[in-house]
Amino acid sequence: MNEEIASARERKLARKKWKEEKLMKLLNKSLKNKSDEEASPALKKLKPTENVDIENYKRRSTVSIAVPGSILDNAQSPELRTYLAGQIARAACIFQVDEIVVYDDLGEEESSSSHSDVNEARPCCLQLARILQYLECPQYLRKHMFPLHKDLQFAGILNPLDAPHHFRQKDTTLYREGIVVKRPVKPGRGSMVNVGLEKDVPIDQVLQPGTRVTVRLNCDEPASETTNGNPQRLKGKVVPPWQPRAHLGKYWGYQVRIAPSLSAALSDCPFQEMYDLIIGTSDKGSKDMPALIPSSDHVLILFGGLQGLEAAVENNGGELFKSVAKDMTNMCDLYLNTCPQQGSRTIRTEEAILISLSVLLPKIVLKNSGSSNVSPDA
Ligand SMILES: C[S@@+](CC[C@H](N)C(=O)[O-])C[C@H]1O[C@@H](n2cnc3c(N)ncnc32)[C@H](O)[C@@H]1O
């Protein structure tokens, strides 16, 4: 009995220490990000800046999923590997997932390096992340953004996402994704951007050719001004990538992050706050599905690989994390079996993503999601 109390106390202390370390990491990271953001505007994705009133965001909450890259290694052929990645991308888009974290669940021992650097990540993680990014990119930008790469050899045959930000040439829309084209810039003018329209659009600043940008077009302004009798030419203003979703409350695709371990997937949240709701999924999870899941700004739903989340914890570096997360209910706010009546002995990760998102998302109360994801009768 005394032993039980002592070990419970130890676990509690370990959990506290882990939380403290995580907080310190988050603090250090936010300091680091301040200087990184000055160097790289891309890092500002989904983060508010001082001149945006975040209370007026139509869509502020985010949904993230974490998936192990190793699932690709279970596919039987390069074509099936690619198709599997495409299934994850489509599931994420169907359920309006904002972030996909591709994490390494195999641990450092098996890899040739500590892959602290993204370029050193395990090949399966890199390939999954690359295909996810490729599919998220509007078609008209792909040939510019993705040079030929063996990871993408079969990506051309994948089903498209048909995401709301994948516009066709004839679509009239306030925001478009674009790429800065290589063309001499006239003095006093901005660069030209290919936004998937017949003609490239001038923007308000000079940027490096090849840069991907989100552009707000002046198509909402009255077209009264004319040049040589022609309607005023379309112009663009470069805006932060998160602006369309914040302003219009519209789904604008997902971002992809590679994490070297499960613990890094949990702690390196790219949004302003940390994940405030973590849900683990497994056939070993609780079958008691809550009617409503507490309100959240940034939810992260964890999926395991062939051996489940337990193996990802076991293969994770850091004894402290392992000892705490061994008990899944320490690591996750909820640890759930989302398909309690499964007929097959195993549900594959790509299937579990579709099942779990359709079961969980209607129950999660997101604080600010643009449109409510909780049905009125929930
Ligand atoms: C092949 S399964 C791993 C097998 C393992 N028995 C398990 O669920 O932990 C791969 C992943 O699919 C998800 N999964 C499988 N069955 C599930 C279920 N009934 N409920 C929720 N998630 C499930 C989990 O994320 C799991 O890590």
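Figure 1. Of the protein's 378 residues, 37% count as buried, where buried means 20 or more other C-beta atoms within 10 Å of a residue's own, exposed means 12 or fewer, and partly exposed is in between, with C-beta atoms placed from the backbone. This is a predicted model: local features need pLDDT of at least 70, side-chain atom pairs count only at pLDDT 80 or more, and totals for chains, interfaces and linings use all residues. Residue numbers start from 1 along each chain as its sequence is written. The protein has ten helices and 15 strands; these are DSSP runs numbered from the N terminus, with helices being H or I of at least four residues and strands E of at least two. Look at contacts with a separation of 6 or more, and 69% of them join residues 24 or more positions apart. A contact here means two C-beta atoms, placed from the backbone, within 7 Å.

**Figure 2. An open sheet with six strands.** Reading across, the order is β10-β2-β1-β13-β11-β14, with parallel pairing. At the edges sit β10 (255-259) and β14 (334-336), each pairing on one side only. Neighbouring strands here are turned by 25° against each other on average, direction ignored; axes are lines fitted to C-alpha atoms, for helices over the stretch in contact, and angles run from 0 to 180 degrees between N-to-C directions. Two strands pair if DSSP finds at least two bridges between them. In general, strands of a sheet pair through backbone hydrogen bonds, either parallel or antiparallel.

**Figure 3. Strand β13 and its two partners.** β13 covers residues 298-302, and five of its five residues are buried. His 298, Leu 300 and Leu 302 point one way, while Val 299 and Ile 301 point the other way. On one pairing, β1 (residues 62-68) runs parallel to β13 over five bridges, with Ala 66 opposite Leu 302. On another, β11 is also parallel to β13, over four bridges, and there Gly 280 stands opposite Leu 302. Helix α10 lies across β1, β11 and β13, running at about 120° to β11.

**Figure 4. Around the ligand.** The shell holds 20 residues, and Thr 281, Gly 304, Gly 308, Ile 347 and Ala 352 come nearest; to be near, a residue needs its C-beta atom, placed from the backbone, within 6 Å of the molecule or strand in question. β11 (277-286), α7 (308-314) and α10 (349-360) each supply at least two shell residues. β11 gives the largest share, with five. By class, there are six nonpolar, eleven polar and three charged residues in the shell. Nonpolar here takes in Ala, Val, Leu, Ile, Met, Phe, Trp, Tyr, Cys and Pro, charged takes in Asp, Glu, Lys and Arg, and the others, Gly among them, go down as polar.

Figure 5. The 17 residues of α2 (residues 78-94) should span 24 Å at 1.5 Å a residue, and the end C-alpha atoms are 25 Å apart, which agrees. That expected span is 1.5 Å times one less than the number of residues. Buried residues of α2 include Arg 81, Thr 82, Ala 85 and Ile 88. The buried residues of this helix pack against β1, β2 (99-103), α3 (123-136) and α10. Then comes Gln 96, in the loop between α2 and β2. Phi of Gln 96 is near 55°, a positive value in a residue other than glycine. Gln 96 is buried because 23 other C-beta atoms lie within 10 Å.

**Figure 6. Another positive phi, at Asp 162.** Asp 162 sits in the loop between α4 (139-145) and β3. Phi of this residue is near 50°, again positive in a residue other than glycine. Is Asp 162 buried or exposed? Asp 162 is exposed, since 10 other C-beta atoms lie within 10 Å.

**Figure 7. Arg 176 and the residues around it.** Arg 176 belongs to strand β3 (residues 175-180). With 26 C-beta neighbours inside 10 Å, Arg 176 counts as buried. Which residues does Arg 176 touch, not counting those up to four places away in sequence? They are Phe 167, Val 195, Gly 196, Val 215 and Leu 217. His 166 is ten residues from Arg 176 along the chain, and their C-alpha atoms are separated by 8.4 Å.
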